[in-house]
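Please read the following report alongside the sequence and the structure.

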Amino acid sequence: MGLRPTRRALLAGAASLVPTLAFAQQPVPAPQPPRRQPADPAGPPPIVFVHGNGDTAALWINNLWRFEANGYKRNQLFAIDLAYPLGRTDDSKPQPLRSSTADQMKLLADYVGQVRGTTRRRKVALIASSRGGNTVRNYLKNGGGSAFVSHAILCGTPNKGIVISDEMLVGSEFNGASPFLKDLNGGADDLIAGVDMMAIRSDKNDKYSQPDARFVGFPGKPTGVGYDASELRGAKNLVIDGLDHRETAFHKLAFAAQYEFIVGKPAGTLFIAQEQLPTLNGKASGIAEGVYTNLPVTSAEIEIYEVDARTGERKSDRPAHRKLTGADGLWGPFIARGEASYEFVLKMDGQPTTHIYRSPFLRSSDVVHLRPQPFAKGDETAGAVTLMTRPRGYFGVGRDKFTLDGKVPPGINDGVPGAATGKLALDAKPRTVLAVFNNETIATRTWPVKDNHVVVAEFMN
């Protein structure tokens with residue numbers, strides 16, 4: 001559910017980006033798993049990771065790496081990239097660039113079928129974040145998924161709803177009073193025969209499991225749900241104190257629970273074993289009408305520069321990698337150095353040139369997906385704009401230590417962590433700007449707004 005560009009959009013039904021035709025009017029390209037692998041009937045099942053509202057498969061990168069570090073083969077780990085990741089405002093009414101629960105269920109069913117064929121295994125395990133858990137539950141109960149799934153782990157999924165209301169989020173799949181959740185929750189419990197099920201939730205720190213509706217846009221009004229809104233009746237419910245909505249899926253403690261539930265023993269390590277020369281790849285996707293999609297963008301230009309980890313300055317004027325994307329949107333492969341810091345420059349028609357600064361990549365990955373960062377209202381008057389973002393969590397005031405250019409950026413709320421992005425407007429003079437989140441520091445450089453540039457420091461943790 002965690003939607004990077006607009007948290008408000010998630011609650012209102014969300015908003016996505018790319019082409020301007022409705023979901024039903026465009027063919028949806030099914031994500032393609034790797035090539036067929038030799039049969040491996042023994043050992044734990046292949047895993048399919050399912051992202052949340054407005055998100056991409058890229059959010060699972062740390063989970064994928066940690067499973068690998070604990071002995072999972074890379075060709076047994078899959079992360080689906082759902083074409084239209086944002087839910088409709090009303091699930092029953094078509095809406096351009098957004099998907100229904102039925103749309104998502106079909107895509108997941110098709111993808112699981114592909115993974116089963118690729119791995120030659122009868123069943124897979126599913127791990128889902130937020131809205132992805134709605135898709136998993138729908139697939140298990142109404143899409144025949146129970147025959148093909150051994151384990152299902154739902155992380156921060158609003159199983160009881162964000163609200164239970166006849167006035168707020170009417171018709172939304174996130175409303176416990178909607179036909180969708182009434183159907184899923186209609187039995188004596190939430191179990192599915194033959195599937196081991198677990199829900200991971202926060203104690204009181206999940207912004208979408210709150211008695212007060214302030215994160216739904218109605219402060220002071222009761223939601224009708226409590227801190228336990230993510231629990232599944234009859235399943236194994238795990239509470240991890242202090243985690244926020246996104247961290248229930250992507251934090252290392254969430255990984256530890258996921259691994260043990262599927263494999264049947266604790267993980268040997270929570271650390272990520274580093275590769276010296278990781279091979280990176282991913283997809284460029286775009287924006288239309290203020291909405292993100294996960295559809296590939298053709299003719300996007302991607303350049304990668306190695307930068308000084310202390311200053312963000314480029315070590316060479318020549319990019320270490322450059323590519324113009326084809327129909328598949330892929331910008332790689334690129335062989336990186338495991339200890340190097342990089343600046344990704346994404347150029348596509350109609351969007352600012354986006355400079356994305358990242359910490360070193362510890363291992364290979366093909367889900368390093370790139371999205372442009374649009375300007376917000378008022379940005380055009382700044383000399384430069386720099387953002388820091390946590391795709392895999394929120395900024396918790398008092399829980400975390402975070403600064404941008406030595407200060408806490410405006411708009412990050414106190415209390416329950418609810419903001420994943422902070423932004424500063426700066427002068428146009430070229431200089432280093434440091435983004436700090438706990439033990440992770442990313443050095444960026446300013447780029448002028450007048451020349452259509454925007455800067456993003458993207459934390460891995």
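Helices (H or I, at least four residues) and strands (E, at least two) are DSSP runs numbered from the N terminus, and two strands pair if DSSP finds at least two bridges between them. Axes are lines fitted to C-alpha atoms, for helices over the stretch in contact, with angles running from 0 to 180 degrees between N-to-C directions.

Within this sheet, strand 17 (residues 384-389) and strand 22 (residues 453-458) run parallel and are joined by four bridges; M388 has A457 of strand 22 as its bridge partner.

## Basis and confidence

Residues are numbered from 1 along each chain as its sequence is written, and side-chain values use heavy atoms, with hydrogens and water left out. Because the model is predicted, local features need pLDDT of at least 70 and side-chain atom pairs count only at pLDDT 80 or more, whereas totals for chains, interfaces and linings use all residues.

The chain has a mean pLDDT (the predictor's confidence in each residue, from 0 to 100) of 92, with 91% of its residues reaching 70 or more. Over residues 1-27, however, the pLDDT is below 50, although this stretch has 121 contacts in the model beyond near neighbours in sequence, a contact meaning heavy atoms within 4.5 Å.

Another open sheet consists of six strands in the order 2-1-3-4-5-8, with parallel pairing. Strand 2 and strand 8 (236-240) stand at its edges with a single partner strand each, so one side of each has no neighbour in the sheet.

Four bridges pair strand 1 with strand 2 (residues 77-80), where F49 stands opposite A79, and four bridges pair strand 1 with strand 3 (residues 124-129), where I47 has A125 as its bridge partner. Strand 3 in turn pairs with strand 4 (residues 149-155) over six bridges in the parallel sense, and A128 is the bridge partner of L154 in strand 4. Helix 4 (residues 131-142) packs on the sheet, touching strand 1, strand 3, strand 4 and strand 5 (196-202), and its direction makes about 140° with that of strand 3.

## Aromatic pairs

Rings of Phe, Tyr and Trp (its six-membered ring) pair if their centres lie within 6.5 Å, and planes under 30 degrees apart count as stacked, over 60 as edge-to-face and the rest as tilted; the count comes to 14 aromatic pairs. F67 and Y259 form a tilted pair, 5.8 Å centre to centre with 45° between the planes. This pair links helix 2 to helix 7, 192 residues apart, and both F67 and Y259 are buried.

The ring centres of F395 and F437 are 5.8 Å apart and their planes stand at 70°, so this pair is edge-to-face. Both F395 and F437 are buried. One aromatic cluster is formed by F49, W60, F67, Y72, F250, F255 and Y259.

Note on methods: Buried means under 20% relative accessible area, exposed over 50%, partly exposed in between (1.4 Å probe, protein chains only).
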